[in-house]
Amino acid sequence: MTTSKPVTFRQIFMGRLACGCDLLDELTRECAARNVTLGRIEALGAVQKARVGFYNQQSRTYQHVSLDRPMEIANLVGNVSLKDGKPFVHAHVTLVDEQGQCHGGHLAPGTIVFACEFVLEAFDGPAFERKPDAETGLPLWSAAKKPD
Ligand code: ZN
């Protein structure tokens, strides 16, 4: 069943991340520093190396791939919500190597920034809290109540 809840636009933050920082950790830290618990992120730039995940639907575990080489961030798209009461960034990346080959997946810790420009959109609205989902084994947004 599809569920959704209305949110409203609050503010946009634009910035860049420092060379050498962990991409996911730093985006999460920026959300906490800006008090963003609901929002959307996009970014581009380059990484020194990357670690991305693929969710194995059979075993219900993330398999991680380490890509130990410089690549372009062709695209990063993500959202911000709450997990365990704290801002949680869920992002997927498309990375391009020197041959123009694409790699990508679920952004994991261990992806190190070379240069990165981001746009963070903050929303106001009801809490989107991640809870264990029995059907998928993933921490998903708890279902919204249907309007009366
Ligand atoms: Zn994911």
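This is a predicted model: local features need pLDDT of at least 70, side-chain atom pairs count only at pLDDT 80 or more; totals for chains, interfaces and linings use all residues.
Visitor: Which side chain meets Arg40 in a salt bridge?

Guide: The side chain of Glu42 does, with N and O 3.4 Å apart. A salt bridge here is a side-chain nitrogen of Lys or Arg within 4 Å of a carboxyl oxygen of Asp or Glu. Residues are numbered from 1 along each chain as its sequence is written, and side-chain values use heavy atoms, with hydrogens and water left out.

Visitor: Why is Arg40 counted as partly exposed?

Guide: Arg40 counts as partly exposed because its relative accessibility is 33%. Buried means under 20% relative accessible area, exposed over 50%, and partly exposed in between, with a 1.4 Å probe and protein chains only. Glu42 is partly exposed as well, at 37%.

Visitor: How many salt bridges does the structure hold?

Guide: The structure holds five. One of them joins Glu26 and Arg29, at 3.1 Å from N to O. These two residues are three apart in helix H1, so about one helical turn separates them. Glu26 is partly exposed at 25%, whereas Arg29 is exposed at 52%. Arg34 forms another salt bridge, with Glu30, the closest N and O atoms being 3.2 Å apart.

Visitor: Back to H1, then. Which of its residues are buried?

Guide: Helix H1, residues 23-33, has Leu23, Leu24, Leu27 and Cys31 as its buried residues. They cover an arc of only 100° around the axis, and therefore lie on the same side of H1. That arc is taken from the directions from the helix axis to the C-beta atoms. Helices (H or I, at least four residues) and strands (E, at least two) are DSSP runs, numbered from the N terminus.

Visitor: And what is exposed on the other side of H1?

Guide: Arg29 and Ala33 are exposed there.

Visitor: What covers the buried residues of H1?

Guide: The cover includes S1, strand S2 (39-56), strand S4 (71-83), strand S5 (86-96), strand S6 (102-107) and strand S7 (112-124). Contact means heavy atoms within 4.5 Å.

Visitor: Where is Asp84?

Guide: Asp84 is in the loop between S4 and S5. Asp84 has a positive phi of about 55° although it is not a glycine. At 66% relative accessibility, Asp84 counts as exposed.

Visitor: What about Arg60; where is that one?

Guide: Arg60 is in the loop between S2 and strand S3 (61-67). Its phi is positive too, at about 60°, although Arg60 is not a glycine. Arg60 counts as partly exposed, at 37% relative accessibility.
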